[in-house]
Amino acid sequence: MPDTQSHSRTTEAGPPPHDQHRPLDQPNLDQLRAELAALPTIVALGPFDDPEHAEQLAAAFTVVRQVREAQLLLVGTGAQRETVVRRAAADNVETDVHLIEDPPRQQWTDLLAAADFVVPSISDVTTLLDVLAAGRAVVTAEHPATVGLVLPTSAGLVYRRGDVYGMALAMLRLLTTPELRNGMAARARDAATRSRAQTETRYRRMSSAQADRRFTIPRGSHEPN
């Protein structure tokens, strides 16, 4: 039976002023590691610029928390990050939301390693490839730029934009099925390696074709007038 026991956390700064609930902002990562290990961890990557995505992420996480203990790490910045925070506060799950702004590369890698799975920003193929290369399953929006990387090798689960329960069910499926999650993580690395190899091959072919055109002397160019 899923664990539905509620829980809360405090910080050294004490309770938030004016009864406004705030997540742990910019936590010390050494302090956070124990919490990352203790609870299922969903890492959502910014930039958080899409209002619909921010609302859907917060609503789906609320559904997840009704069934199971988990925490959500918002890594990165963006105008809509506060939308996730406000919605989480309204749904009384804000103590399970952490904000981490643009961590250094090594800390970013550590956060991915601590994640059970990752929710990348919409249509950001470069970040998605980095996540897959780190060996993490993803829950990603149905978008041509991302589905082509994820679904053929089943490196994660896809949800439709606007479908809150579809997104929440994808999250819960990965949280509650470690064998599925681990299998997807292993395939994620292969998907990233294959995609990057294909990109490099295309780049070499394009560079070679450009070089051929540059050094080809048009026929008749040296004929006398």
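The dialogue below walks through several features of a predicted model.

Trainee: What should I keep in mind about the model before reading any residue?

Mentor: This is a predicted model, in which local features need pLDDT of at least 70 and side-chain atom pairs count only at pLDDT 80 or more, whereas totals for chains, interfaces and linings use all residues. Residues are numbered from 1 along each chain as its sequence is written, and side-chain values use heavy atoms, with hydrogens and water left out.

Trainee: How many helices and strands does the secondary structure of the protein chain come to?

Mentor: Helices (H or I, at least four residues) and strands (E, at least two) are DSSP runs, numbered from the N terminus. By that reading the protein chain has eight helices and seven strands.

Trainee: What percentage of the residues count as buried?

Mentor: Buried means under 20% relative accessible area, exposed means over 50%, and partly exposed lies in between, with a 1.4 Å probe and protein chains only. Of the 225 residues of the protein chain, 44% count as buried.

Trainee: Which residues of helix α4 are buried, and which are exposed on the face turned away from them?

Mentor: In α4, which spans residues 105-114, the buried residues are Trp108, Leu111 and Leu112. They cover an arc of only 100° around the axis, which puts them on the same side of α4; the arc is that of the directions from the helix axis to the C-beta atoms. The face turned away from that buried side carries Gln106 and Ala113, which are exposed.

Trainee: Which residues does Val84 touch?

Mentor: Contact means heavy atoms within 4.5 Å. Val84 lies in helix α3 and is buried, with a relative accessible area of 1%. Leaving aside residues up to four places away in sequence, Val84 touches Ala54, Leu57, Ala58, Leu72 and Leu74. Val84 and Glu55 are 29 residues apart in sequence, yet 6.2 Å apart in space, C-alpha to C-alpha. For the protein chain, residues 24 or more positions apart account for 71% of the contacts with a separation of 6 or more.

Trainee: How many residues has the largest nonpolar core?

Mentor: In soluble globular proteins, nonpolar side chains tend to be buried together. A nonpolar core is a set of buried Ala, Val, Leu, Ile, Met, Phe, Trp, Tyr and Cys residues joined through side-chain atoms within 4.5 Å. The largest nonpolar core has 36 residues, and those with the most contacts inside it are Leu57, Leu72, Leu74, Phe117, Val119 and Met171. Apart from it lies another core, of 21 residues, among them Val118, Val138, Leu149 and Ala192.

Trainee: With which side chain does the side chain of His98 make a polar contact?

Mentor: A polar contact is a pair of N or O atoms within 3.5 Å; within protein, one must be able to donate a hydrogen and the other to accept it, and residues adjacent in sequence count only if both atoms are side-chain atoms. His98 is found in strand β4 and is buried, with a relative accessible area of 2%. The side chain of His98 makes its polar contact with the side chain of Gln71, at 3.3 Å.
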